[in-house]
Amino acid sequence: MDGFEIHDPRFASFVLPNAPLETLAEGFRWCEGPVWFGDRDELLFSDLPNDRVMRWSERGGLSVFREPAGFENGHARDREGRLLSCSHRGRCITRTEFDGRITVLADRHGGKRLNSPNDIVCKSDGTIWFTDPPYGIQTDYEGGKQASELPARVYRLDPARGRLDIVADDLQGPNGLCFSPDESRLYIAESGLQFAPDPVRHLRVYACDATGNLAKGRIFHKVDKGFSDGFRCDEDGHVWSSAGDGVHCIDPSGALLGKILTPATVSNLAFGGRNRARLFLCVSHALMAVSVNVRGARLV
Ligand code: MG
């Protein structure tokens with residue numbers, strides 16, 4: 001099949017040979033943070049170096065959702081459907097209320113400023129989990145050079161109690177993160193120290209108990225082209241990860257099942273569309289999509 005690599009026969013039934021990779025919009029500097037709003041039938045995503053968040057829908061096409069946007073990176077929705085954002089420039093995570101007001105949910109830990117929150121997810125209990133590497137404060141391109149005050153960590157925010165806890169601090173450059181559909185596992189991408197000659201780059205997996213505590217993590221999968229930045233699970237627990245040559249589908253044992261090939265590096269992705277069976281891809285300067293024969297895990 002053109003446009004795919006099949007590494008395991010199972011993958012052949014996950015993709016559709018007659019569903020082409022479509023370019024929905026282009027002309028961005030670096031796309032990131034896609035999040036699907038099924039109730040509005042639209043996708044939001046960041047055009048990070050241009051400091052704006054874009055909106056795309058099948059009917060309405062492309063428009064600017066907000067600009068300036070605090071150099072937002074990853075996005076998610078909370079259990080009520082509100083937009084959650086990682087702001088590099090603001091060094092915080094925010095929630096956009098239904099009336100458009102923006103609430104800062106967390107910008108400090110122990111009195112010190114966060115680095116530049118990168119990616120974010122919301123668990124079914126309403127807690128908000130995010131990674132905080134320094135990437136966004138190391139260059140003016142992605143938010144503005146500023147001094148780091150805290151190590152790179154992964155945090156869990158309980159917005160009901162206003163409590164921010166460290167859940168993992170053993171990663172060099174925590175980046176994308178995603179729960180397995182049953183939330184018994186948390187996957188976290190480790191993308192290393194920026195500018196390091198040979199950065200550590202792989203996916204880690206952590207067992208997560210019912211109270212939200214993580215066990216010690218282990219390496220889950222090493223992407224063979226480029227690195228994993230952002231990823232999502234389908235409803236059967238396969239991990240669909242960004243990579244240098246496209247999207248890699250990985251099964252829960254860590255085996256690569258196959259790839260959807262793209263013309264440039266994929267930074268992040270989200271399932272959306274009817275039945276969450278369309279993959280929206282942030283491909284460097286372009287927003288692309290491809291229909292697949294799996295359904296994304298339900299998130300809200
Ligand atoms: Mg990222």
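Guide: Start with a definition: buried means under 20% relative accessible area, exposed means over 50%, and partly exposed is in between. The model here is a predicted one.

Visitor: Why is Asp41 called partly exposed?
Guide: Asp41 has a relative accessible area of 47%. Asp41 lies in the loop between strand 3 and strand 4, and its phi is positive, about 55°, although Asp41 is not a glycine.

Visitor: Why is Ser284 called buried?
Guide: The relative accessible area of Ser284 is 17%. Buried requires a value under 20%, so Ser284 is buried. Ser284 is in the loop between strand 26 and strand 27, and is a residue other than glycine with a positive phi, near 55°.

Visitor: What makes the pair of Phe28 and Phe45 edge-to-face?
Guide: The planes of Phe28 and Phe45 are 85° apart, and the centres are 5.2 Å apart. A pair needs centres within 6.5 Å, and edge-to-face needs planes over 60 degrees apart, so the pair of Phe28 and Phe45 has that label. Phe28 is in the loop between strand 2 and strand 3, and Phe45 is in strand 4, 17 residues apart.

Visitor: How do you know whether Phe28 and Phe45 are buried or exposed?
Guide: Phe28 has 6% relative accessibility and Phe45 has 0%. The cut-off for buried is under 20%, so both Phe28 and Phe45 count as buried.

Visitor: Why is the pair of Phe11 and Trp240 called tilted?
Guide: The centres of Phe11 and Trp240 are 5.9 Å apart, with 40° between the planes. Under 30 degrees would be stacked and over 60 edge-to-face, so this pair is tilted. Phe11 is in the loop between strand 1 and strand 2, and Trp240 is in strand 22, 229 residues apart. Both Phe11 and Trp240 are buried. Together with Phe14 and Phe271, these two form one aromatic cluster.

Visitor: Which residues have the most contacts inside the largest nonpolar core?
Guide: Phe11 and Trp240 are among them, as are Val247, Ile260, Leu279 and Leu281, in a core of 20 residues. Strands giving two or more residues to this core include strand 23, strand 24 and strand 25. A second, separate core has 15 residues, including Ala106 and Phe130.

Methods:
Residues numbered from 1 in each chain as written. Predicted model: local features only at pLDDT ≥ 70, side-chain atom pairs only at ≥ 80, totals over all residues. Heavy atoms only, no water. Core = buried A, V, L, I, M, F, W, Y, C linked by side-chain atoms within 4.5 Å. Buried < 20%, exposed > 50% of the residue type's maximum accessible area, 1.4 Å probe, protein only. Helix = DSSP H or I, 4+ residues; strand = E, 2+ residues; numbered from the N terminus. Phe/Tyr/Trp six-rings, centres within 6.5 Å; stacked < 30°, edge-to-face > 60°.
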